[in-house]
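Please keep the sequence and the structure beside you as you read the points.

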Amino acid sequence: MLKKKPNFKKWQEHIKVEKQLPLVANEIISDIVLRTQSGRDVNNKAFKKYSEDYANKKGSTKVNLTASNDMLNSITWTTLKGNKKGIKLYFSSTNQHNKAKGNQKTRKFFGLSTQQRKQLIKDLQKAMQYK
């Protein structure tokens, strides 16, 4: 016999969040890649220029961290485990992770600005109002 009425609303909210995670993850990755390829950092500022020697070696002065595109193409995501609701973005290759780590020191590209985070939260809250 059921002694306590189940809280289905709690589970409904959890399901809504879970359905949104793939959309959110792919949107964030897309934003990072497009912004980076346009030569902009997390705060939408132009990347620091390449040194003259590196630009000559590369054959271009355009700074967009896409010499081979391997690093940006390796950005992927997974859902957080346990009671946490969310996603984790990471690089699927150790080599590309190390490359990104080096780039991040000089040209911060991997992440979201405060403004993007606020917009993401607002969008998620709006999406949660729909069934």
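1. A pocket, on a 1 Å grid over the protein atoms alone, is an open set of points where a 1.4 Å probe fits, with protein on both sides within 12 Å along at least five of seven lines, and its lining residues have an atom within 4 Å of a point. The model is predicted, and local features need pLDDT of at least 70, side-chain atom pairs count only at pLDDT 80 or more, and totals for chains, interfaces and linings use all residues. Residues are numbered from 1 along each chain as its sequence is written, and side-chain values use heavy atoms, with hydrogens and water left out.

2. The second largest pocket has 14 lining residues, and those nearest its centre are Y54, L65, A67, K99 and N103. It holds about 180 Å³ of space, where a volume is the space filled by probe spheres set on the grid points, which are joined across faces, edges and corners.

3. About 250 Å³ of space lies in the largest pocket, and among its 13 lining residues V24, E27, Q119, L120 and D123 are the closest to the centre.

4. Not counting residues up to four places away in sequence, F91 is in contact (heavy atoms within 4.5 Å) with M71, S74, I75, Q96, H97, A100, F109 and F110.
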